[in-house]
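Please work through the exercises below with the sequence and the structure at hand.

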Amino acid sequence: MNCLVLIEKGREKVCQEEVKEIVGKKVKKFDSVIEVEIKEKEKILELVLHGQSFRRLLIGLDKVKDLEDLDFSEINWDDYFFPKAKIKVEVEGVKGNDERLNIAKSVAGKFFSSVEEKLELGIDLKKPDFLLVVFFNGEEYFLGIDVCGRDLSSRDYRVFTNSASMKGDLAYYFLRESGFVSGENLLAGFLKDGTLAIEAALFISGRKVNETKAMGKIPLFKKLDFSKKDLGKKGEEGGKIYGFEESRMNWQAAKKNSQIAKVGDVLELSKMSLDESDVKFKEDFFDRVILQITKKDEEKLNEIYYQTGYVLKKKGTLMLIGRKGWEVTISSKFKLIKEQEIVRGGGELKFWLLERK
């Protein structure tokens, strides 16, 4: 079965690696899309349950440069829709409401002509049973049925949110860019609502990330065991995630979100200030430290270098996530490995990845 994984532009490499780790298949990489052929339905279920890097998973129907070339003639629609199901066509990657509406009408026309009256499918724009997604990445149109029917980057555990925090897929991206792997000790600082630390805990524990209710509606997947939830430990065991937050309100929000995510056994969250790190933790204890710095914390850079220089192992990495315009001077204790700008919604972030000498 052809599967299309939709991600934010620039994050293709991380998603490519994650998909290969979960399903064990070769993948094709396009701008904002990973394409993978998966025969085993159980592997698709695992990708739905545990994928952290992407926002949509589609059953691929076609891929064309010109929508006039869409061809549904070889598709067995009984595999994907039940009789009288309601459909909504959603268009992404195209600017302008009028243009998106025109594309939706065109694709809907071809789709319903192919289905004909066999399943008596209808349209419902408010509460559809299935989403038919048309995604344009600037070069090609990718068309598919959304397996989950929603944006997976908005995690269910993020009940108590912070406007300065980030979505789950972006937090996971930073986590993997830091070089973090199972078996390592990670410190995530200035937690906000805890998303970054929780994503790390989900990654090393193999706990369920996403729900599968919409997937169960698809006839092709009805015989799957949807009670399956956890993969168990991934890779080496022994590592643990630690997080700290100076604000009591943020710390409490992070604690509540971590409880919803059910990762308390691999995640320890502390209400503490940055300058307590060398008292709370042993010297050379952490393999990775990731700190999300908002403007009010930028003046703490010297203290950040002092504290992380103590708790980080030699050759361990420090990732600083901040605003695009922040001028970061590199301490003599560290060397710069990588810096990169990241688009987040309507704004931009930047990260600096440093290695302790």
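Two exercises with worked solutions follow.

This is a predicted model, in which local features need pLDDT of at least 70, side-chain atom pairs count only at pLDDT 80 or more, and totals for chains, interfaces and linings use all residues. Residues are numbered from 1 along each chain as its sequence is written, and side-chain values use heavy atoms, without hydrogens and water.

**Exercise 1.** Determine which residues have the most contacts inside the largest nonpolar core.

*Solution.* A nonpolar core is a set of buried Ala, Val, Leu, Ile, Met, Phe, Trp, Tyr and Cys residues joined through side-chain atoms within 4.5 Å; buried means under 20% relative accessible area (1.4 Å probe, protein chains only). The largest such core has 56 residues, and Trp77, Tyr80 and Phe81 have the most contacts inside it. Helix 3 (residues 97-115) gives the most to this core, namely 6 residues; helices are DSSP runs of H or I with at least four residues, and strands are runs of E with at least two, numbered from the N terminus. Another core, of 37 residues, lies apart from it and includes Tyr172 and Phe351.

**Exercise 2.** State the strand order of the open sheet of 7 strands and explain why one side of each edge strand lacks a neighbour.

*Solution.* The order is 11-10-9-12-13-15-14, with mixed pairing; two strands pair if DSSP finds at least two bridges between them. Strand 11 (267-271) and strand 14 (334-344) are at the edges with a single partner strand each, so one side of each has no neighbour in the sheet. Within the sheet, strand 13 (residues 312-323) and strand 15 (residues 347-356) run antiparallel, joined by 7 bridges. Met319 has Leu353 of strand 15 as its bridge partner.

Methods: Buried means under 20% relative accessible area, exposed over 50%, partly exposed in between (1.4 Å probe, protein chains only).
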